[in-house]
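These are my notebook entries on a structure that I looked up step by step. I begin with the pocket, then turn to the fold, the surface and the charged pairs.

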Amino acid sequence: MTRKKFLGVLFLVAITIGGGYFGIQYYLDNIKLPDVAPAKVVDAYFSALQKQNFKAAYDMVSRIHYVDSINQFVDRTSMYAPDMKLSILGENIVEGAATVDVRIEVPLKFGLYKSDSTMDLVRVKREWKIMHP
């Protein structure tokens, strides 16, 4: 085999390997659903807030949609009642976005407060992130 043919074959092999690598990365980042479901992310988020693990909760928030600093986030979320209970009512995934329907229950002096809400999430590479905490 001549040197030119060898370099040509080597070039084709390198392109094939590189294309395969980038194809796999694209699939994992954009097509395959993240390993952790949106409902699990929301559950982990509220669990972190209850334990006052604000850094862990902040890491579950999309920086594209929520631009406040961690200090602003802590100021806002530290007011949440530590004895609140979260129930996941359902989740819906459409392309790169998801919604999780939740019921939040907070015991108050005058009785139990219940609120049904929807949490919006967006896919950021291989994770679901909460859009608006």
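Entry 1: What volume does the largest pocket have? I worked from a predicted model, and I noted a volume of about 230 Å³ for the largest pocket. I then looked up its lining, which consists of 13 residues. F46, Y80, M84, I104 and S117 are the ones that lie nearest the centre of the pocket. I recorded that α2 (38-50), β2 (97-108) and β3 (111-124) each give two or more residues to this lining. The largest share, four residues, is that of β3. Sorted by class, the lining holds ten nonpolar and three polar residues, and no charged ones.

**Entry 2: the fold.** I listed four helices and four strands in the protein. Along the sequence they follow the pattern α-α-α-α-β-β-β-β. I also noted that the protein has 133 residues, of which 26% are buried.

**Entry 3: a surface patch.** I looked for nonpolar side chains on the surface and found a patch formed by M1, F6, V9, L10, V13 and I17. Together these residues have about 640 Å² of accessible area. V9 counts as partly exposed because its relative accessibility is 42%.

**Entry 4: salt bridges.** Why might charged side chains be found in pairs? Side chains of opposite charge can pair when their charged atoms come close. I counted four salt bridges in the model.

In one of them, R103 is joined to D116, with 2.7 Å between the closest N and O atoms. This pair links distant parts of the chain, since R103 lies in strand β2 and D116 in strand β3, 13 residues apart. R103 has a relative accessibility of 29% and therefore counts as partly exposed. D116 is likewise partly exposed, at 48%.

I next looked up R63 and D59, whose side chains meet in a salt bridge at 3.7 Å, N to O. R63 is partly exposed at 38% relative accessibility, and D59 is partly exposed at 31%. K55 belongs with these two residues in a network of salt bridges.

**Entry 5: a last pair.** Is K129 buried or exposed? I noted that K129 forms a salt bridge with E127, the closest N and O atoms being 3.4 Å apart. K129 has a relative accessible area of 14%, so this residue is buried, whereas E127 is partly exposed at 46%.

How values were computed. Residues are numbered from 1 along each chain as its sequence is written. This is a predicted model: local features need pLDDT of at least 70, side-chain atom pairs count only at pLDDT 80 or more; totals for chains, interfaces and linings use all residues. Side-chain values use heavy atoms; hydrogens and water are left out. Patches are made of residues with over 30% relative accessible area and no salt bridge: like charges are joined within 9 Å, nonpolar side chains (Val, Leu, Ile, Met, Phe, Trp, Tyr) within 5 Å. Accessible areas come from the Shrake-Rupley method with a 1.4 Å probe; for residues, only the protein chains shown count as cover. Buried means under 20% relative accessible area, exposed over 50%, partly exposed in between (1.4 Å probe, protein chains only). On a 1 Å grid over the protein atoms alone, a cavity is a set of points where a 1.4 Å probe fits but cannot get out, and a pocket is an open set with protein on both sides within 12 Å along at least five of seven lines; lining residues have an atom within 4 Å of a point. Grid points are joined across faces, edges and corners, and a volume is the space filled by probe spheres set on the points. Ala, Val, Leu, Ile, Met, Phe, Trp, Tyr, Cys and Pro count as nonpolar, Asp, Glu, Lys and Arg as charged, and the others, Gly among them, as polar.
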